[in-house]
Amino acid sequence: MLNTQCPYLPAIELRTSELYCLAERHFLKRFPRPQITLNLRGETAGQAWTEKNQLRLNKQLFKENKEHFLEHTVGHEVAHLIAHQLFGRNIRPHGREWQFIMEEVFRLPAQRTHSYNTRNASKRPFLYRCRCDGKTIPLSTIRHNRAVKGTVYLCTQCREPLTFVEKVSG
């Protein structure tokens with residue numbers, strides 16, 4: 001299932017296998033192993049595609065945070081796959097089923113977001129401004145293009161619409 005040409009995949013595959021073994025011992029049930037790819041970019045550390053039984057992980061964030069990424073991010077995403085396989089598609093992504101797997105089965109904190117430095121992984125070259133004093137908000141190319149076509153993005157603090165300032169070259 002894995003492309004073994006990538007030097008990072010064996011560690012991720014081992015951690016994934018450990019987590020699946022914990023789940024199988026707890027639930028007394030076998031689970032199909034997922035396909036794993038390291039093709040996720042930007043600020044998102046991982047994604048679980050439940051319908052495809054696939055993990056998409058961010059190689060840059062893994063390289064910069066190996067130990068924590070292996071334990072927590074891989075655990076977080078595997079918990080999504082296990083929860084889906086146990087409880088079906090009508091559960092909340094970070095609901096009580098997912099939280100139970102994280103805390104009781106994997107013995108990990110059920111945190112929804114990571115706190116990795118994403119400077120090297122982020123691709124947000126478009127700067128926007130709101131009414132907050134001196135604040136600039138970087139947006140990705142996708143969001144910038146949506147804003148150009150009429151999507152209005154609001155500041156999470158002042159709730160005012162964002163206005164385009166400049167494109168950061170680099």
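Visitor: Is Arg107 buried or exposed?

Guide: Arg107 counts as exposed, at 60% relative accessibility. The cut-offs are under 20% relative accessible area for buried, over 50% for exposed and partly exposed in between, with a 1.4 Å probe and protein chains only. Bear in mind that this is a predicted model, where local features need pLDDT of at least 70, side-chain atom pairs count only at pLDDT 80 or more, and totals for chains, interfaces and linings use all residues. Residues are numbered from 1 along each chain as its sequence is written, and side-chain values use heavy atoms, with hydrogens and water left out.

Visitor: What does the Arg107 side chain meet in a salt bridge?

Guide: Glu104, at 3.4 Å, N to O. A salt bridge here is a side-chain nitrogen of Lys or Arg within 4 Å of a carboxyl oxygen of Asp or Glu. Glu104 is partly exposed, with a relative accessible area of 39%.

Visitor: How many salt bridges does the structure hold?

Guide: Six. One of them pairs the side chains of Glu51 and Arg89, at 3.2 Å, N to O.

Visitor: Where do Glu51 and Arg89 lie?

Guide: Glu51 is in the loop between β2 (46-49) and β3 (54-58), and Arg89 is in the loop between α3 (66-87) and α4 (96-105), so the pair ties together parts 38 residues apart in sequence. Those elements are DSSP runs, numbered from the N terminus: helices are H or I with at least four residues, strands E with at least two. Glu51 counts as exposed at 53% relative accessibility, and Arg89 counts as exposed at 61%.

Visitor: And which residues are linked in a network of salt bridges?

Guide: That would be Glu24, Arg30 and Arg33.

Visitor: Switching to helices: at what angle do the axes of α1 and α3 cross?

Guide: Roughly 45 degrees, and the axes come within 10 Å, with α1 covering residues 9-27. Axes are lines fitted to C-alpha atoms, for helices over the stretch in contact, and angles run from 0 to 180 degrees between N-to-C directions.

Visitor: So what do you call α1 and α3 relative to each other?

Guide: Oblique. Under 35 degrees counts as roughly parallel, over 145 as roughly antiparallel, 65 to 115 as roughly perpendicular and the rest as oblique.

Visitor: Which residues in α1 meet α3?

Guide: Among them are Leu19, Tyr20 and Phe27 in α1, and the α3 side includes Leu70, Val74 and Leu81. Contact means heavy atoms within 4.5 Å.
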